[in-house]
Structure formats: C-alpha cells, structure tokens
Amino acid sequence: MNDHENRSGTRERLIEGLRQVLSGHHALVWIPTEDEDTVRQFLTAELSGQVSRTFHSWSATRGLCPALFEDERSLPNTEHPAAALLKTSQELHTQGVTVFYDLIDHLGDARTMRALREAVRAARERKATIVMVDHGGELPGAVADEAMVFEPHYPDEREVEEILRRTVR
C-alpha cells in the first residue's frame, strides 16, 4: 500500500463518517478538524445532489451565502456571526444544512452564543442541521449537550507503524 492509498483510506473513513452524521438528523453537529478542505469538498458533493435540502455556509470573511455557488454573493449584513445565526434561525428550511466555519472562536460573545442557541432550537424544530467546522477549541456547556460531535479518525501510532511497514515493503 502506498502513501496515496493510505491518505485515500483515511479520507474515505472521514467521508463515510460524515455521511452517517448528516443522515442522523442532528440539530447541531460539531466537527473539530484541521482537514477543513476535505469536509468542505464532501459537504458540497454530498448535498449538491439533494434538491430537497438547502445548503448555506458562513465564514467571518464571506458572511452567509449559498454554499454550492462559490461565486455567489453573500447575504447582506451577515458577516457578524450573531447576524448570520439570526438569519439562519429565521429562514432555516426544513432539512436545510448551514455550515459555520470557525464559529467557536466567536462564542465568547453573549449575543453570538444566544443566537446559536436560538438557531439550534429552530434547526431542531425543522429537522435541519447546523454544522460547525472548527480547527479546535471546546464547545461551551450551553450547547455541548445539544451537539453531535464528529471527530475524524486519523491513524494512531500503531496504525502509522503498520502503514509504514507496508509502504517500505
């Protein structure tokens, strides 16, 4: 097994795990990962074929925008996370998915925290999903019990040794 196959297997496990999490109808999913690109690619590919689901994404630099259209403009006045969460809770569609990138860094702000709690409640009522993709950190207690935490599995030390042995052979 070569290095490309090893990375491919890890990526496939990540994608299968994400697929299972999204099919579980959780109001809030938290994905702490450094591999944001793989998560973004999966979500775009997976949700683009599901016409019954709306899909938006938010980042501090872009604001809230339709996630499948990279060149589409963001919704006005949604750069602040509290404003984007409020818009999400007001206009969240049934079974919709809204992905927030690096939101955890903003949850120290009381207004943003309140807006997240209200958006999660709206998502639960509409069987929609809010996905938080963060580089790390810790979820505040006010939402930690609501969240389905998906931590991508990466090879542990023993698995890395086995991969190296197979690669060297």
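**Reading a predicted model, term by term**

The protein chain has a mean pLDDT of 82, with 80% of its residues at 70 or more; pLDDT is the predictor's confidence in each residue, from 0 to 100. This is a predicted model, in which local features need pLDDT of at least 70 and side-chain atom pairs count only at pLDDT 80 or more, while totals for chains, interfaces and linings use all residues. Residues are numbered from 1 along each chain as its sequence is written, and side-chain values use heavy atoms, with hydrogens and water left out.

User: Happy to start with the fold. How many helices and strands does the protein chain have, and what makes a run count as one?

Analyst: The protein chain has six helices and six strands. Both are DSSP runs numbered from the N terminus: helices are H or I with at least four residues, strands are E with at least two. Read from the N terminus, the order is α-β-α-β-β-α-β-α-β-α-β-α.

User: Which elements have the lowest and the highest mean pLDDT?

Analyst: Helix α1 (residues 3-22) has the lowest, at 64, and helix α4 (residues 110-126) has the highest, at 96. Over residues 1-7, pLDDT stays under 50, and the model has six contacts beyond four places in sequence for that stretch. A contact here means heavy atoms within 4.5 Å. Where pLDDT is low, the predicted coordinates should not be read in detail.

User: Why is Pro-66 called buried?

Analyst: Buried means under 20% relative accessible area, exposed means over 50%, and partly exposed is in between (1.4 Å probe, protein chains only). Pro-66 has 16%, so Pro-66 is buried. This residue lies in strand β3, and its C-alpha atom is separated by 9.0 Å from that of Thr-98, 32 residues apart along the chain. For the whole protein chain, buried residues make up 41% of the 169 residues.

User: And what makes Arg-40 partly exposed?

Analyst: Its relative accessible area is 26%, so Arg-40 falls in the partly exposed class. Arg-40 is found in helix α2 (residues 36-48). From C-alpha to C-alpha, Arg-40 and Tyr-101 are 9.6 Å apart in space and 61 residues apart in sequence.

User: Which class does Asn-77 fall in, and what is its phi?

Analyst: With 66% relative accessibility, Asn-77 counts as exposed. Its phi is near 60°, a positive value in a residue other than glycine. Most residues other than glycine have a negative phi. Asn-77 sits in the loop between β3 (63-66) and α3 (81-91).

User: What about Asp-102?

Analyst: Phi of Asp-102 is near 65°, again a positive value in a residue other than glycine. Asp-102 is in the loop between β4 (97-101) and α4, and at 26% relative accessibility it counts as partly exposed.

User: How do you know that α3 and α4 are roughly parallel?

Analyst: The two helices pack at an angle of about 20°, with their axes 8 Å apart. Angles under 35 degrees count as roughly parallel, over 145 as roughly antiparallel, 65 to 115 as roughly perpendicular and the rest as oblique. α3 and α4 are therefore roughly parallel to each other. Residues making the contact include Leu-85 and Leu-86 of α3 and Ala-115 and Leu-116 of α4.

Definitions and conventions
Axes fitted to C-alpha atoms, helices over the stretch in contact; angles between N-to-C directions.
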